Amino acid sequence: MCSAETKAAAIAAMLTAALDGAPRLDETPDCIRVEVDLPEELGPISRTAVLTALASADRYGHTHDRGGTAVWAEVDREVER
């Protein structure tokens, strides 16, 4: 089983390759969030690569506001007992 850090790094790498953009990472005690801005135009190959990256996350979604559109993916950290 991959660690949350490894999984988040893999998602960030896939998004970087698909979009030529630098994802932002936000780490909390519970999860790691990877977020990246989307270009105005996204071709079918890039779209498929983004969706593949997002599908490997525990949760994913998108935001849209005046600043543009971004997608995000969250990876849960293991809870130590």
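I take axes as lines fitted to C-alpha atoms, for helices over the stretch in contact, with angles running from 0 to 180 degrees between N-to-C directions. I am working with a predicted model, in which local features need pLDDT of at least 70 and side-chain atom pairs count only at pLDDT 80 or more, while totals for chains, interfaces and linings use all residues. I number residues from 1 along each chain as its sequence is written, and side-chain values use heavy atoms, with hydrogens and water left out.

Entry on elements. I found two helices and four strands in the chain, arranged along the sequence as α-β-β-α-β-β; helices (H or I, at least four residues) and strands (E, at least two) are DSSP runs numbered from the N terminus.

Entry on the helix pair. I looked up H1 (residues 4–19) and H2 (residues 44–55), whose axes come within 9 Å and cross at roughly 170 degrees. H1 and H2 are therefore roughly antiparallel to each other, a label given to angles over 145 degrees. On the H1 side I listed Ile11, Met14, Leu15, Ala18 and Leu19, and on the H2 side Ser46, Ala49, Val50 and Ala53, with contact meaning heavy atoms within 4.5 Å.

Entry on the whole chain. I noted that the C-alpha trace spans about 45 × 25 × 15 Å along its principal axes. Of contacts between residues at least 6 apart in sequence, 54% join residues at least 24 apart. Buried residues, meaning those under 20% relative accessible area with a 1.4 Å probe and protein chains only, make up 30% of the 81 residues.

Methods. Parallel < 35°, antiparallel > 145°, perpendicular 65-115°, else oblique. Buried < 20%, exposed > 50% of the residue type's maximum accessible area, 1.4 Å probe, protein only.
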